[in-house]
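Subject: Structure for your review

Dear colleague,

Please find the structure below, followed by a summary of the findings.

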Amino acid sequence: MSFSIRRLYRGDTSWDFLGVSRRVLTGSIVAVLICVAALFIQGLNLGIEFEGGGVWEAPASEDVTTDAIQKTASNIGMADARVQRITGGEEIFRIRGELPAGETAESIGSALAETAQVDSESVSARTVSPSFGDEVAGKARRALVVFFILIALYLTLRFEWKMALGALVAVAHDIALTVGIYAIFQFEISPATVVAFLTIMGYSLYDTIVVFDRVKDNERSLSLKTRMTYSDLANVSLNQVIMRSVNTTITSVLPVVSLLVVGSLIMGASSLQEFAIALLIGLVVGSYSSIFVAMPLVSSLKGREPHWAEQERNAELLSESNSIENAATALAADRYDRSAPPRPRKKGRKR
Amino acid sequence: MVLLIVGASLAGVLSAGWTPVLGVQLQGGVEVVLRPANEVPDEQFERAIEIIRNRVDAIGVAEPDITRQGDQVVIQLPGVKDKQRAVDLIGKTAELTFRPVITFFDPLDPNQRAAAQQVVEGSQVAEGENVDEDTEQMVSLSDLLTPPEEDEATATVALLGSAGQMGFVLAPAELTGEVIEEAAATFQGQWIVNLSLNDEGALLFDQMAVANYERQVAIVLDGVVESAPTINAVEFNGQAVISGSFDEAEAKNLALVLRFGALPVEFERDDVRTVSATLGEGTLRAGVIAGLVGLMLVGLYMLFYYRLLGLVAICSLAVSGATLWSIIAWLGESKGLALTLAGATGIIVSIGVQVDSNIVYYERIKEEVRRGRAVRSAADGSFRAAFSTIVWADLASLIGAGVLYQLTSGTVRGFALYLGITTLIDLAVSFFFMRPLVVFVARRLVNERPRRLGLTTVTEEASV
């Protein structure tokens, strides 16, 4: 174990990612199915930005109970209001309900402030009309579609359509899992969460592009010389970028974890919490999917191309040795070959 | 060189006393999203936003941000004191009225202000009599002018003209804008505005004309006197012509004002959010502490893993941070753009992107060194490949940011803006700062002992 970590640290691994991915993929598919099912059965817990209504937040003190606040809410016509006491850091009451006719956000705020025994200036309030949520959701959907089309075009131009497909499937996978977890645990969806979902998409794509970039690079430099199959090529590339992926994920997750722990648990800022949970899940899932979803898909698509299919047949004929070992040796040979005179090598890459 | 530019811009921003403008969620205040209740022509919508802007100025908010986003208006008033008043004022429908002019005053002249004040209060000052300065209390302009919420059609009011150079004391309204059927600017030797009224309006207009023959009647839109033509006929039959020394723009503007009165833009409040100052501060403090702790953890990890190169990564982050601070402060100062909660979280997230650029580069160097290349040539040679990866990946982020910025509003839009900015900074810092520093470190400080970079070489590998 310690040996392999040391190898990982040096970036000298030769793991069979694609082989592993076949088993892991089944797990992924099951997870996505569960999430989609949860989405349809339980639905999402939408925040007021999407459903309309009002939310009030007032500082809480020891001698005021949630029941007292609930009673006040009922008296002013909000019988079905949900009253929560949010602890951790500064305690607050959070009251969510429909705004009764003839009342304003302010009048309800001051009634609540009176019960909570605080100054009405310290009550935060928010009211949203129901139509607004539809519009927000509609805009987000439209932006998403345009985004997907543009990214698909971009990746097709930069790489090829098979890679674009792989990247988008990976992104869809990440979003499905994150949204699914929100459905399962009934976390509240707010615009901040939507922002988080978008960030996840960005990260996932970014990660996938880094991987693909390396594969393309290797495809140009290695494949003509050797008898590598496409999956060997993919494996070699993945081994080369794995440390980058691990490190990037760690360094991206650290600020988010601190946002989650420091921001919400210690200081009790709930608006940061929603955001951080989505991000945390998404980041981890995102780097996983670049390696275990996007790449295997591309590899199996590419494996069907005539050139690669032939390589595959050749490799089967020459099955006397492990193909990964082969690839590693080929790569090693290539290194010394190319790095001996550094100048020409550089030029060769420029082309 | 790069340090110089970044240092200079930061010093400039700091010495100018610019600090980032904080959004409503971060310092408390009011945020309102309005949408017209019915469909309105574009120019009227713009006019309505202009009116909101005037009202916000009247409230006196330090850094108001009023933007149109599609068919919505997003109004952010960070730090506003009287929140309910602000919300009420912003949402009020603007009204057009015709009010006979009682008297004029020069807003800059204290004597005239005092006289006007007396007129408003109903005590008539005999004509030609000078107001005794010693016995009169000084009447400040803001005391004199009628505040928007007291601007009732039935009241006597003191208002300013649209240029703010002329004050009017006006009688109660005799006519409101609903009676206007059509108004258009035409050129007939000079620019004039044709006004047609409905039947009810024609009657009222003639009554007003009789009562105010050869006197001026002010056309008032939302507390601003747009024009004060003299009535020089008593029978209009629903058709009036307003002439004066208008140029084209003035005439068209007046016609627009009159049409606006005919069909006032009524707003629905889509989203109203008031944030108490304490809650805003709490969120801000939590965000800042979380950001700092996160940065520290990332720094420690990079140091642990990449040693000297980790230090370079920390410096890159510092340079990016300084640049970002300058940009946010500049945006706040020149465009009134506030740093929102979503924007702030976007920035925390971008720490990851910035560090990743470093990691991509370092991993390339490590790989080259493992292939047997000298550290200094590896540092030089790997940059091209690494930077190409960074550019392609950042380009995807930029596409995302651009699409989101164009097609969404509110929170998501704010996030997209900062995502775009930080991505561009990442590219610039990677190219102009990270590379030279890494090359410098590789040349001067490493002495071909790659362990200092957290590397092992081929020769060392043999002994493992």
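In chain A, the axes of helix 4 (residues 66-75) and helix 5 (residues 105-116) come within 10 Å and cross at roughly 150°. Axes are lines fitted to C-alpha atoms, for helices over the stretch in contact, with angles from 0 to 180 degrees between N-to-C directions; helices are DSSP runs (H or I, at least four residues) and strands likewise (E, at least two), numbered from the N terminus. Helix 4 and helix 5 of chain A are therefore roughly antiparallel (an angle over 145 degrees).

This is a predicted model, in which local features need pLDDT of at least 70 and side-chain atom pairs count only at pLDDT 80 or more, while totals for chains, interfaces and linings use all residues. Residues are numbered from 1 along each chain as its sequence is written, and chains are lettered from A and ligands numbered from 1 in the order in which they are written.

Ala68(A), Ile69(A) and Thr72(A) of helix 4 meet Ala111(A), Leu112(A), Thr115(A) and Ala116(A) of helix 5, a contact being C-beta atoms, placed from the backbone, within 7 Å.

Chain A holds 13 helices and six strands. Of its 351 residues, 45% count as buried (20 or more other C-beta atoms within 10 Å of a residue's own). Among contacts in chain A with a separation of 6 or more, 77% join residues 24 or more positions apart.

Val211(A) touches Ser237(A), Leu238(A), Val241(A), Ser290(A), Ile291(A), Ala294(A) and Met295(A), leaving aside residues up to four places away in sequence.

Yours sincerely

Definitions and conventions:
Parallel < 35°, antiparallel > 145°, perpendicular 65-115°, else oblique. Contact = placed C-beta atoms within 7 Å. Buried ≥ 20, exposed ≤ 12 C-beta atoms within 10 Å, placed from the backbone.
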